Amino acid sequence: MPQLLDQLLIGVILADDQARPCYINRAARELLARHDGLEDSPAGLTAATVAQTRRLRHTVALLAAQDIDAPASAVRYLGLRRRAAHAAPLLVRLTALPGPPRGVAIFVTAPEHFQPVPREALTVAFGLTPREAALAGLLADGHELRDCARLLAMGEGTARNHLKHVFEKTVKHSQATLVATLCRMAGPCQ
């Protein structure tokens with residue numbers, strides 16, 4: 001199982017009720033090694049500030065003490081500030097684990113480490129041509145249509161025509177809904 005969890009791009013930490021890690025996957029080890037918003041100390045996980053550390057540990061203790069059969073209350077989300085002022089917060093999802101001993105699964109994502117949508121997956125999932133998949137992938141990566149056209153060495157009119165086909169094949173009617181769908185498709189595995 002550890003080898004499988006090490007393939008995930010999202011950080012996975014299994015912690016006890018005191019927020020002391022029992023298991024840390026590769027992505028989480030790399031994140032903790034940067035000391036940027038979340039760290040592993042002898043006393044357990046710590047955040048960038050004392051207040052956030054208290055909030056994190058309180059949430060872990062609360063979830064570990066809850067009945068695992070209470071589905072809505074068994075998941076919590078936190079945003080942890082980073083030491084770098086300009087960095088987006090770490091996105092943290094905490095889920096109660098069945099026990100005994102009781103514990104919590106902590107999933108940590110640094111927004112700048114979101115992976116691009118695999119073009120091959122778009123081709124297979126929606127029947128897009130390679131050029132349509134490339135255009136859709138660039139849009140999902142945050143590029144404007146005119147920049148996509150330039151990057152793909154095509155005219156803006158051709159890019160618009162490809163985008164029209166992408167809308168038809170994905171059953172989406174706006175660039176925003178298309179990008180939202182594609183971003184959700186970006187897998188957690190490498």
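Biologist: How are the residues numbered, and which pLDDT is needed for local features?

Modeller: Residues are numbered from 1 along each chain as its sequence is written. In this predicted model, side-chain atom pairs count only at pLDDT 80 or more and totals for chains, interfaces and linings use all residues, while local features need pLDDT of at least 70.

Biologist: How many helices and strands does the protein have?

Modeller: Helices (H or I, at least four residues) and strands (E, at least two) are DSSP runs, numbered from the N terminus. Counted in this way, the secondary structure of the protein comes to 8 helices and 7 strands.

Biologist: Why is the protein described as more spread out than a compact globule?

Modeller: The radius of gyration is taken over C-alpha atoms, and the globule rule is 2.2 Å times the number of residues to the power 0.38. For 190 residues that rule gives 16 Å, and the protein is more spread out because its radius of gyration is well over this, at 20 Å.

Biologist: Is Val117 buried or exposed?

Modeller: Val117 sits in the loop between strand E7 (103-109) and helix H4 (119-126). Buried means under 20% relative accessible area, exposed over 50%, and partly exposed in between (1.4 Å probe, protein chains only). Because its relative accessibility is 4%, Val117 counts as buried.

Conventions:
Heavy atoms only, no water.
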